[in-house]
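Thanks for coming, everyone. Let me put the structure up, and then I'll walk through it.

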Amino acid sequence: MAQLVELRSIDVVPDDERHGTAFSQFTLWLGANLQITAVVTGALAVVFGGDVVWSLAGLLLGNLLGGAVMALHSAQGPRLGLPQMIQSRAQFGVRGAVVPLLLVVVMYVGFFASGSVLAGQAVGELTHTNDTTGIIVFAAVTAVTATVGYRVIHTLGRVASAVCALAFVYLAVRLLERADTSALLHDAHFSLPMFLLAMSLSASWQLAFGPYVADYSRYLPRTTSTKATFWWTLSGSALGSQWSMTFGVLVAATAGEKFLDSQVGYVVALGGTGLVASFFYFVIALGKLTVNVLNTYGGFMSMVTSVSGFRGQRQLSRAGRAGYIALVMVAGTAVALLGKDSFLSSFKDFLLFLLTFFTPWSAINLVDYYLISKERYDLVALCDPHGRYGAWRWDALAVYAAGLLAQLPFLATSFYTGPLVDPLGGADISWIIGLAVPALLYWLVARRNAGVLPDPDRGASPSAARHTVP
């Protein structure tokens, strides 16, 4: 058990503790995406007015584009041996990185809550209690699993990828037996706003993984191919999410109000009754456990990174680890209990809200890592506010703010609609702007300031030079 429980948090994983292959990213992200919330995300494309054909096309394009961005983050893990968000210190400063980090923690809590609502329904049915009890039981199991850490998370991903894949094949067969697929496929009427909505839903789903995807690739050997890590991550995540979302589109198009009234109940009833129904409640809970553990673990990592930027702490005791994870669990559970009766109406806006804040971060992080730093970071300086990267990188923070503001005219949510949405026929293209504008601005700013920061091999201390990724 001592070897099973993870000891590391935001510190660098040394080479003698590295293990696994890039294929582990495929099974983890396939299992994390074959789950009920992804089904609901796909269904939203139809619920809000899209047809089956163009909804599927939009979802596929969004999954591929957003998944490629997410997989580029994953490829950073083996190279650096660090969690994802601590790398943001190279762009925003050791303390300045707390700005996107706080937003990331909000994201984790939100996804924990949304996942707990649906999983709580399944657990409530399995335990013959109610949704509230199911949410609390599910949250507790999630926290315990996240506390054990990296190895059990990947084991859970392998199990979920196999079990959930078989379950979704069976459910798809049952659905196609009931659905008039010919009529659905022939009722195609292209609408640019609805196409872009579907694309935004799936892109936001993928981009939201970006702030923690390298957390689950950082134990891979340093020699792991960057291309292999990228392609296995992209294929697992895009395949799993498109599979689930396609199922969601077909369910929403055929079931209508029956699905809207009870997403979990309808899917389980599609599978069967009695022991078969119990099995599908278990499958739903297993799929949600896989991804909610990722959210809890990522939230814990982000909080530690935020605090350590000011306290200088690099390692964490087991009690401290459990405490941070408990905070994520309590916050997420509270939100789930408060919002469980209005889940579907608020989930779309939550996804698009997340997209607004994380596309600029992704753009800045990827431009810096691949184009400016050329995959080379001074790892010691990432923990030193007086070192190479400084405490606050105001230029990068200004670019991040500009990326946020640039999206507002193109943003369409229930609580805010930008002035350029109507001229575009109601289409929301804010996430495209949120990637392009900060990527260009950061590239220009970073190249202008390239001479200000010393080269890690020349200007860093001997200790720092030894810890620079070559």
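One term before we start: buried means under 20% relative accessible area, exposed means over 50%, and partly exposed lies in between, with a 1.4 Å probe and protein chains only. By that rule Asp428 is buried, at 7% relative accessibility.

Now the ground rules. This is a predicted model, where local features need pLDDT of at least 70, side-chain atom pairs count only at pLDDT 80 or more, and totals for chains, interfaces and linings use all residues. Residues are numbered from 1 along each chain as its sequence is written, and side-chain values use heavy atoms, with hydrogens and water left out.

Back to Asp428. Where does Asp428 lie? Asp428 sits in the loop between H17 and helix H18 (430–448). Helices here are DSSP runs of H or I with at least four residues, strands are runs of E with at least two, and both are numbered from the N terminus. Asp428 and Leu411 are 17 residues apart in sequence, yet their C-alpha atoms are 5.5 Å apart in space.

Helix H17 itself covers residues 394–407, which is 14 residues. From first C-alpha to last, H17 reaches 20 Å, close to the 20 Å expected at 1.5 Å a residue. That expected span is 1.5 Å times one less than the number of residues. Which residues of H17 are buried? They are Ala396, Leu397, Val399, Tyr400, Gly403, Leu404, Ala406 and Gln407. Keep the helix rule in mind: an α-helix has 3.6 residues a turn, so residues three or four places apart point the same way.

Next, the cavities. Rolling a probe the size of a water molecule over the atoms shows where empty space is left. On a 1 Å grid over the protein atoms alone, a cavity is a set of points where a 1.4 Å probe fits but cannot get out, and lining residues have an atom within 4 Å of a point. Grid points are joined across faces, edges and corners, and the volume is the space filled by probe spheres set on the points.

How many cavities of 30 Å³ or more does the structure hold? Four. H14 has the largest share, with four residues. By class, the lining of the largest cavity has seven nonpolar, four polar and one charged residues. Nonpolar means Ala, Val, Leu, Ile, Met, Phe, Trp, Tyr, Cys and Pro; charged means Asp, Glu, Lys and Arg; the others, Gly among them, are polar.

The second largest cavity holds about 70 Å³. Among its lining residues are Leu34, Gln35, Phe168, Val267 and Phe280. Here helix H8 (150–178) and H14 each give two or more residues. H14 again gives the most, with three. This lining has eight nonpolar, one polar and no charged residues.

On to the aromatics. Rings of Phe, Tyr and Trp (its six-membered ring) pair if their centres lie within 6.5 Å; planes under 30 degrees apart are stacked, over 60 edge-to-face, and the rest tilted. That rule gives 26 aromatic pairs. Trp54 and Phe190 are edge-to-face, at 4.8 Å centre to centre and 75° between the planes. Trp54 is in helix H3 (residues 52–74), and Phe190 is in the loop between helix H9 (181–186) and helix H10 (192–207), 136 residues away. Both are partly exposed: Trp54 at 33%, Phe190 at 47%.

Tyr108 and Tyr212 are stacked, with 5.2 Å between centres and 5° between planes. Tyr108 lies in helix H6 and Tyr212 in the loop between H10 and helix H11 (226–255), so the pair ties together parts 104 residues apart in sequence. Tyr108 is buried at 0%, and Tyr212 is buried at 1%. Both belong to a cluster linked by ring pairs, which also includes Trp29, Phe111 and Phe300.

Last, the backbone. Most residues other than glycine have a negative phi. His128 has a positive phi of about 55°. It lies in the loop between H6 and helix H7 (131–148), and it is exposed at 73%. Lys374 also has a positive phi, near 55°. Lys374 lies in the loop between helix H16 (343–372) and H17, and is exposed at 53%.

Note on methods: On a 1 Å grid over the protein atoms alone, a cavity is a set of points where a 1.4 Å probe fits but cannot get out, and a pocket is an open set with protein on both sides within 12 Å along at least five of seven lines; lining residues have an atom within 4 Å of a point.
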